[in-house]
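Subject: A structure to look through, with notes

Dear colleague,

I am handing over a structure for you to look at, with the sequence beside it. Please open it first, and then read the notes below with it in view.

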Amino acid sequence: MRRSSKKSSSSSAAAVPTKAVSKEIERIDQLFYTYADGSSSMIDPEGIETLCSHLEVPHTDVRILMLAWKMGCEKQGYFTLDEWRTGMKALRADSISKLKKAFPELVQEVTRSSNFQDFYPYAFRYCLTEDKKKCIEIPVACELLNLVLSLQFRPQVEKLINYLKHQNEYKVINMDQWMGFLRFCNEINFPSLDNYDADQAWPLILDNFVEWLRASEN
């Protein structure tokens with residue numbers, strides 16, 4: 001009898017956190033369906049705009065992109081229930097107020113060097129709006145650079161965006177060029193450019209950018 005009493009008390013103790021977890025998932029799901037489209041069972045662009053208004057941030061805010069990264073979202077402008085659960089559980093957020101409070105920590109997490117190396121290419125892939133698409137248009141690339149890189153490297157990003165808007169050779173940016181921009185910001189002394197070596201297999205667009213910078217200074 002004693003054994004069964006111990007067993008029952010330990011199993012009931014184990015049931016308490018499980019019950020709490022299931023209640024949390026229930027609240028996370030309820031929050032999801034507040035914004036989800038009834039026919040697709042996903043949060044679509046309209047639902048994201050409503051979510052942003054409740055969070056009191058513009059839908060173009062970098063924190064929404066960070067949120068998509070945290071969820072592991074695959075398609076721009078759409079959150080699935082599984083993605084939503086993944087992100088909200090990781091952020092310990094089952095309400096709008098908790099999600100608001102989680103933003104500063106999320107920003108810190110993304111801007112850590114190791115995480116940023118994952119977030120930066122994710123931002124590019126997230127903007128590929130069609131299947132099998134491998135490039136983003138120059139105007140989109142400029143917006144994205146301003147969103148994800150300008151906080152850390154504003155002087156470089158401003159010059160790069162200026163160059164991209166005025167050059168005529170490139171209409172789109174691919175992943176190799178996109179990653180080259182980050183490498184340039186991390187490795188090259190700016191504005192002197194004294195350690196830029198065109199023989200180091202930089203994407204051609206960066207050779208052209210450096211030439212343009214040097215010419216504009218002269």
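To begin with the charged pairs, the structure holds 10 salt bridges, where a salt bridge is a side-chain nitrogen of Lys or Arg within 4 Å of a carboxyl oxygen of Asp or Glu. Please keep in mind that this is a predicted model, in which local features need pLDDT of at least 70 and side-chain atom pairs count only at pLDDT 80 or more, while totals for chains, interfaces and linings use all residues. Residues are numbered from 1 along each chain as its sequence is written, and side-chain values use heavy atoms, with hydrogens and water left out.

One of the salt bridges joins R92 to E105, with the closest N and O atoms 3.5 Å apart. This pair links distant parts of the chain, since R92 lies in the loop between α4 (81-91) and α5 (96-111) and E105 in helix α5, 13 residues apart; helices (H or I, at least four residues) and strands (E, at least two) are DSSP runs, numbered from the N terminus. R92 is exposed, with a relative accessible area of 52%, whereas E105 is partly exposed at 47%; here buried means under 20% relative accessible area, exposed over 50%, and partly exposed in between, with a 1.4 Å probe and protein chains only.

A second salt bridge is formed by D94 and K98, whose closest N and O atoms are 3.1 Å apart. D94 is buried, with a relative accessible area of 9%, while K98 is partly exposed at 40%. Both of these residues also belong, together with R27, to a network of salt bridges.

K70 is a charged residue to look at separately, and its place is in helix α3 (residues 62-71). Is K70 buried or exposed? Its relative accessibility is 19%, so K70 counts as buried. If neighbours within four places in sequence are left aside, K70 is in contact (heavy atoms within 4.5 Å) with T86, G87, A90, L91, L106 and E109.

Turning to the rings, the structure holds 16 aromatic pairs. Rings of Phe, Tyr and Trp (its six-membered ring) pair if their centres lie within 6.5 Å, and planes under 30 degrees apart count as stacked, over 60 as edge-to-face and the rest as tilted. F32 and Y33 form an edge-to-face pair, at 5.1 Å centre to centre and with 85° between the planes. The rings of F124 and W178 have their centres 5.8 Å apart and their planes at 40°, so this pair is tilted. It links distant parts of the chain, with F124 in helix α6 (residues 113-126) and W178 in helix α9, 54 residues apart. F124 is buried at 1% relative accessible area, and W178 is buried at 0%. Both rings are part of a cluster that ring pairs build from W69, F116, F119, Y120, F124 and W178.

Charges also sit over rings, which requires NZ of Lys or CZ of Arg within 6 Å of the ring centre and within 35 degrees of the ring normal. K75 lies over the face of Y78, 4.6 Å from the ring centre, and the charged end of R183 sits over the ring of W202, 3.6 Å from its centre.

Finally, the buried residues of helix α10 (residues 204-217) are I205, L206, D207, N208, F209, V210 and L213. What covers them includes α8 (150-166), β2 (172-174) and α9 (175-187).

How values were computed. Expected span 1.5 Å × (residues − 1).
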